[in-house]
Structures are given as structure tokens and as C-alpha cells.
Amino acid sequence: MSDQTSSLWVKRADLPKSEWHAGPAPTLGEGQILLEIEKYALTANNITYAAVGDGFGYWNFFPTGDEDWGIVPVWGFAKVAASQNADITVGERVYGYLPMASHLVVSPGNVTDAGFVDHAEHRQGLAIIYNQYHRLGTGEGQMEEERALYQPLFTTSFLIEDMMRKSEWFGAEAVLLTSASSKTALGLAMVAKNLSPNIKRIGLTSAGNKAFVEETGLYDEVLSYDDLPSADASQNIVSVDFAGNSTLLSAIHGHWDGNLKFSSMVGATHFEERKGTGELKGPEPVLFFAPTAAETLMKEVGPATFRAKVDEQFAAFVDGVANHLSVEHLSGQDALQSAYLEMLANQVAPNRGLICTLG
């Protein structure tokens, strides 16, 4: 392996400010392994990690040693480049939570044939769903790129639908999804279509993305943001906000008012517009935090059943969007940094799935 590592550092208080940092190859301690990152997905989900990183501890997973700078987490694949762990051999591949970087040192614990948990001291107390790594053997598996692109987002989609259905959709007849072109919104629309078919699905998106959202066939109705004032406000709805745009959220609350039965805030795709919402009509928005929901459902049904339920819907989702979403490969520091900045500025078309390789 190379005697150098590299990582993309981001200014925590000024997310567009980013720069690559090189460092020496780390020396492994007893029980540790060195992962060489092969490829990762870049989605709006990663922008959410950065936008809410201080409040939810996302900067704590891959610390830089400089409080002003952080490394944005991503989901992807890596191979073991060096090992001081008797249970894990060089050449093995894993899937899990990774930094925008060339390498990562982890301290595997709870090692089974299926995976392990990083027991690194700085990751203790952080959500378990982010600290688990799946062991993949040495070969490449099926649907790897789709897994990296969609599965972390789709798990959130699955969990939102589960929560809503258990709450009988709070007495609503329809669900309104902002950022309807986002992969998490598309996933929620599909799971709701499959598991809660009586709930009308209304997608809210930009005028430029409206045709794409309609073509997916996952929504009963698609509105542009400009259409919102003329939307039917007589029906009872629940709102799931993936955009994090306070002006839009205020408009939704104001338009439906008492007919808005529940307001869920999930993502932050429009990070620059995340400001205080002020006084809102209707119900107080409730932040949905997927890791907590996942841990709760795993305790209810067991990890194996949980994974099986998600996987069943995920396979249907990948099949359903195959003709609408494309996989695009990017390579090299300049391309990866540019892609991060484009995603941050909300300039990546919704039908593009970005797979990034540093080498």
C-alpha cells in the first residue's frame, strides 16, 4: 500500500470551504485493521450529515484533530489493507460508514462471520447503526453500487413509513413529501405505495424536477413549489420535510393549518436555508432521527427480521427505479471535491447516482 493517506477536510462553520489533506500511513495497534476505501456513494444524505453535524455528532466519527475542520461521512466499500487482528485477514472487503478519504483505521469488536463493530474509543456512545461493518469476503457482490447509493437513505424511508403506519398516519388521508425527487422521498413514496396503499402520496418538488418525479410513477400527485398556494388544503395530511427550508415549511403549515395532522422533519438538502422557522401554524414539527427508530424497531422484531423486512422493500425499490436513476462513476481528488461542492449547492440532477473512487 501507499505510505501516504489523503482525506477531504471541510470547514465545519463554512461547508463550501474544503481542501485535501495528506498524511503518513498510520501504525496499527493491537487488534486494529487498516481499511483502504475502494468506492463510496455521494448523495444529499451526506450533505445532511454535514449540515447537522454539530447537533447530531456526525463530525465525531472521523475526527481531524482540528476542531474547526471535519470529514463528511459516506457509505461505501473498503478492503483490509493491513491487519493486526487475528480474526480479520488482509484482502477482505467490508461495507459500512466511511470518511471521504483514502484509508480508515478501525478497532473491530463483536466480530462474527457477518461483520463487526468499530470499538475505537472516540466512537463509543455514537449510534450503533453507524459503527457496524458488514464482512463481504474477497469478491464483489451484487448491487453494490445501488446498495451504497440507496440503502442508507432507503432504511430511513422504511422507518418513516413504519412510524406513520403504526400511528395510523395520524388520521390523515395523504402524505406530502418535500424534495420529492430525493432518493429518501422516492423510497418513502414506494414503501407507502406498497404497505399503506390507502394513503395518497403528494410530491412537492422544483419545477425543473417535476417531470422526473412524475415519470417515476411513485406519487399520486406531483406539485411544484410554485403550485403550493393552489393545492387542495381541505384534506387532512401529514408532511414529511426532507428539504430543511424554513420558508417552505412555514408555507406548508400556513396552507394546511388545522388539517396538517403531523409534521416530520427529516433532511437538510437545502442546507443554506436551515434557519429558524419562527411561529408556525398547526402542529410543532417533530425531528425524525433514523438511528433511534432503527434501534427501537430492531428491539421489537430482532435484527434479522428487521433486515429482512428492509431488504424485501429495498429490492423492490431498486427494481422500480432502475429506469429512472443512473450510476455515474467519478475518480480523483478534483472530481470528488467538485462533486461534493455541487451536491452541497443542490446542483446534482436527481437522476444521477454518484459513485466516487479516490484512486
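Gly115 stands opposite His134 in strand 10, where strands are DSSP runs of type E with at least two residues, and helices are runs of type H or I with at least four, both numbered from the N terminus. The model is predicted, so local features need pLDDT of at least 70 and side-chain atom pairs count only at pLDDT 80 or more, while totals for chains, interfaces and linings use all residues. Residues are numbered from 1 along each chain as its sequence is written, and side-chain values use heavy atoms, with hydrogens and water left out.

Strand 9 and strand 10 run antiparallel and are joined by three bridges; two strands count as paired if DSSP finds at least two bridges between them. On another pairing of strand 10, two bridges join it to strand 6, again in the antiparallel sense, and here His134 is the bridge partner of Tyr95. In a regular strand the side chains alternate between the two faces of the sheet. Buried here means under 20% relative accessible area, exposed means over 50%, and partly exposed lies in between (1.4 Å probe, protein chains only).

Strand 6 (residues 93-99) also pairs with strand 5, through seven antiparallel bridges. One of the facing pairs places Val94 of strand 6 as the bridge partner of Ala78. Strand 5 (residues 73-83) in turn pairs with strand 3 (residues 33-42) over eight antiparallel bridges, with Leu34 opposite Ala82.

A parallel arrangement is found elsewhere. Strands of a sheet pair through backbone hydrogen bonds, either parallel or antiparallel. Six strands form an open sheet in the order 13-12-11-14-15-16, with parallel pairing. Strand 13 and strand 16 (286-287) stand at its edges with a single partner strand each, so one side of each has no neighbour in the sheet. Within this sheet, strand 11 and strand 14 are joined by four parallel bridges, and Leu177 has Val240 of strand 14 as its bridge partner.

Helix 5 (residues 183-195) has 13 residues, which at 1.5 Å a residue should span 18 Å, and the distance of 18 Å between its end C-alpha atoms agrees; the expected span is 1.5 Å times one less than the number of residues. Because 10 of these 13 residues are buried, helix 5 is largely enclosed by the rest of the structure. Among the buried residues are Lys183, Leu186, Met190 and Val191.

Several loop residues also deserve a look. Asn110, in the loop between strand 8 (108-109) and strand 9 (115-118), has a positive phi of about 50° although it is not a glycine. Trp169 lies in the loop between helix 4 (144-166) and strand 11 (174-177), and its phi is also positive, near 55°. Asn110 is exposed, with a relative accessible area of 56%, whereas Trp169 counts as buried at 5%. Gln235, in the loop between strand 13 (221-224) and strand 14 (237-241), is buried with a relative accessible area of 9%. Leaving aside residues up to four places away in sequence, Gln235 touches Glu173, Ala174, Lys200, Ile202, Trp256 and Asn259, a contact being heavy atoms within 4.5 Å.

Finally, the empty spaces can be described. Rolling a probe the size of a water molecule over the atoms shows where empty space is left. On a 1 Å grid over the protein atoms alone, a cavity is a set of points where a 1.4 Å probe fits but cannot get out, and a pocket is an open set with protein on both sides within 12 Å along at least five of seven lines; lining residues have an atom within 4 Å of a point. Grid points are joined across faces, edges and corners, and a volume is the space filled by probe spheres set on the points.

The whole structure holds one cavity of 30 Å³ or more. The largest cavity has a volume of about 30 Å³, and its lining includes Ala41, Trp75 and Pro152. Helix 4 gives the largest share of this lining, four residues. The second largest pocket has a volume of about 510 Å³. Of the 27 residues that line this pocket, Pro26, Pro63, His103, Leu104 and Val105 are the closest to its centre.
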